[in-house]
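Subject: Structure handover

Dear colleague,

I am passing on the structure below, and my notes on what was found in it follow. Please read them with the model open beside you.

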Amino acid sequence: MNVVIEIDSPEVVTRQIVSKATGQPLQFREQGAYLHRPGERYPHQFKLSLGDRPAYQPGRYHITADSYQVGRFGELTLSRALVLVPVSAQEAAARAVASK
C-alpha cells in the first residue's frame, strides 16, 4: 500500500531571504500538504517545496519514482522537489500495464 499525499488548497506561500554567501535574494515557494500513512489514524501536515513548478490542485496524490534518489552514502532519500501524480491517474496506468 502506498502513502497518499493530500493537497486541500492551491494556495502557495512564498518566502524570501537574502543569501549570506551572495547577498542575492532567494525565493522559496511552498504549498501545504498532508501525508497519509497506512495504518495511521491522522495525517501529518508538511510543506511541499514547489520551486518554479505550478501549484498542485486539491486532490490525492502518490509520490512518483522520480522523487526517490540515492544519497551520498548510498542511502535512499526523497528529493527536495517531490513530484506527485494524482492517485486516480497512477492507478489507471497500473491497470493498463497489468492488462497487457
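In what order do the elements of the chain run from the N terminus on? They run β-β-β-β-β-β-β-β-α, which comes to one helix and eight strands, where helices (H or I, at least four residues) and strands (E, at least two) are DSSP runs numbered from the N terminus.

Before the details, a word on how to read them. This is a predicted model, in which local features need a pLDDT of at least 70 and side-chain atom pairs count only at pLDDT 80 or more, whereas totals for chains, interfaces and linings use all residues. Residues are numbered from 1 along each chain as its sequence is written, and side-chain values use heavy atoms, with hydrogens and water left out.

The pLDDT, which is the predictor's confidence in each residue on a scale from 0 to 100, averages 89 over the chain, and 87% of the residues score at least 70. Where pLDDT is low, the predicted coordinates should not be read in detail.

For the chain as a whole, 21% of the 100 residues count as buried, meaning under 20% relative accessible area, while exposed means over 50% and partly exposed lies in between (1.4 Å probe, protein chains only). The accessible surface comes to about 7500 Å², of which 55% belongs to carbon and sulfur atoms; such areas come from the Shrake-Rupley method with a 1.4 Å probe, and for residues only the protein chains shown count as cover.

Strand E1 (residues 4–7) pairs in the antiparallel sense with strand E3 (residues 25–36) over three bridges, and E1 also pairs in the antiparallel sense with strand E5 (residues 59–63) over three bridges; two strands pair if DSSP finds at least two bridges between them.

Which residues meet in salt bridges? The structure holds three of them, a salt bridge being a side-chain nitrogen of Lys or Arg within 4 Å of a carboxyl oxygen of Asp or Glu. One joins the side chains of Arg60 and Glu6 at 3.9 Å, N to O, and this pair links distant parts of the chain, with Arg60 in strand E5 and Glu6 in strand E1, 54 residues apart. Arg60 is partly exposed at 44% relative accessibility, and Glu6 is partly exposed at 25%.

Another joins Arg15 and Glu30 at 3.2 Å, N to O; Arg15 lies in strand E2 and Glu30 in strand E3, so this pair ties together parts that are 15 residues apart in sequence. Arg15 is partly exposed at 38%, whereas Glu30 counts as buried at 12%. There is also a salt bridge between Glu40 and Arg37, with the closest N and O atoms 3.8 Å apart.

Finally, Ile17, Leu26 and Phe28 make a nonpolar surface patch of about 220 Å². Patches are made of residues with over 30% relative accessible area and no salt bridge, with like charges joined within 9 Å and nonpolar side chains (Val, Leu, Ile, Met, Phe, Trp, Tyr) within 5 Å. Ile17 has its place in strand E2 (residues 12–18) and is partly exposed, with a relative accessible area of 40%.

With kind regards
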